[in-house]
Structures are given as C-alpha cells and as structure tokens.
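I opened my notebook to jot down what I could look up in this structure. Have a look at it alongside me, and then we can go through the entries.

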Amino acid sequence: MSDPEGVLLADYIRVLRDQLETAQQEGAGRGVKFGVGAVELEFEVTMTREAGGRGGMKLWVVEAGADGKRSGGRTQRVRMTLTPTDDAGRPLSVTDRLPGFPR
C-alpha cells in the first residue's frame, strides 16, 4: 500500500512540540507570561500497514475532505488532548515570569 498524502501523526506532534518550544524561547525575557493549558487537536487519520522485514503500522494525518479513496473504515476522525509540561513535569509557559502587573 502506498503512503497517503498526509503527515505522519508523530511528525504532526513533533512540529507542535517544536512550535511550543520556539514560542517559549522567543518569550524569554518578555514582560507578559502565558501559561499553556490543554492543547486540543482534532484531525482525520488513516492507517497504513508496512510489509517487509520491520513491518508495522503507521498513522497519517490526512487533509479533511481528501479524495474518496480513503473513505470507509480506513479513515477516522481523532480528537486528542495533550497537556504540555517542562522537563520537571510542571505546566509549560511560553514566557518568563512577569516582573510586575502590567499598567
């Protein structure tokens, strides 16, 4: 089976993580602090099976409304909630601490 036009689910989450890290780095030293709460994602996925030595399965995020070839049981809508944390397991913030109240 050929790979569908889409993004691997792991790559999709990796990009999200990278973007949150970039926002956090860009916010360092800024006066306003934003905490990041739960991140809710909703997308359509399709599963492919790999043949060969390693075998296995992959989940692909596909464009909504993509061609009808992926209709039926192979494409499913997935809703996922992620809670970003830092290395110590604390809630993530995208800037440093606020030195005082904004005026």
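**Entry 1: starting from one arginine**

In which element is Arg17 found? I looked it up, and Arg17 sits in helix α1. Before going further, I noted for myself that this is a predicted model. Next I checked how open Arg17 is: its relative accessible area is 46%, so I put Arg17 down as partly exposed. I also checked Arg17 against Pro84, which is 67 residues away along the chain. Their C-alpha atoms are separated by 8.4 Å.

**Entry 2: the overall layout**

I then stepped back to the whole protein. I found one helix and four strands. Reading from the N terminus, I wrote the order of the elements as β-α-β-β-β. The protein has 103 residues, and buried ones make up 21% of them.

**Entry 3: the largest pocket**

How much space lies in the largest pocket? I noted about 310 Å³. The pocket is lined by 13 residues, and those closest to its centre are Arg17, Leu20, Pro84, Thr85 and Leu92. That brought me back to both residues of my C-alpha check, Arg17 and Pro84.

I wanted to know which element gives the largest share of the lining. My note says helix α1, residues 9-27, with six residues. Sorting the lining by class, I got seven nonpolar, four charged and two polar residues.

My note on the pair with Arg77 gives 3.4 Å between the closest N and O atoms.

For the pair of Arg79 and Glu42, I have 2.7 Å between the closest N and O atoms. Arg79 is in strand β4 and Glu42 in strand β2, so here the parts tied together are 37 residues apart in sequence.

Are these residues buried or exposed? I checked each one. Arg77 counts as exposed because its relative accessibility is 55%, over the 50% cut-off. Arg79 counts as exposed too, at 62% relative accessibility. Glu42 has 40% relative accessibility, so I listed Glu42 as partly exposed.

Which residues are linked in a network of salt bridges? I listed Glu42, Glu44, Arg77 and Arg79.

**Entry 4: another salt bridge**

I also looked up Asp86 and Arg90, whose side chains meet in a salt bridge at 2.9 Å, N to O. Asp86 has 22% relative accessibility and counts as partly exposed; the buried label needs a value under 20%. Arg90, at 52% relative accessibility, counts as exposed.

**Entry 5: a nonpolar patch**

I followed up on Leu59, which is found in strand β3, residues 56-62. With a relative accessible area of 32%, Leu59 is partly exposed. Patch members need over 30% relative accessible area, so Leu59 at 32% qualifies on that count.

Terms used: Residues are numbered from 1 along each chain as its sequence is written. This is a predicted model: local features need pLDDT of at least 70, side-chain atom pairs count only at pLDDT 80 or more; totals for chains, interfaces and linings use all residues. Side-chain values use heavy atoms; hydrogens and water are left out. On a 1 Å grid over the protein atoms alone, a cavity is a set of points where a 1.4 Å probe fits but cannot get out, and a pocket is an open set with protein on both sides within 12 Å along at least five of seven lines; lining residues have an atom within 4 Å of a point. Grid points are joined across faces, edges and corners, and a volume is the space filled by probe spheres set on the points. Helices (H or I, at least four residues) and strands (E, at least two) are DSSP runs, numbered from the N terminus. Ala, Val, Leu, Ile, Met, Phe, Trp, Tyr, Cys and Pro count as nonpolar, Asp, Glu, Lys and Arg as charged, and the others, Gly among them, as polar. Buried means under 20% relative accessible area, exposed over 50%, partly exposed in between (1.4 Å probe, protein chains only). A salt bridge is a side-chain nitrogen of Lys or Arg within 4 Å of a carboxyl oxygen of Asp or Glu.
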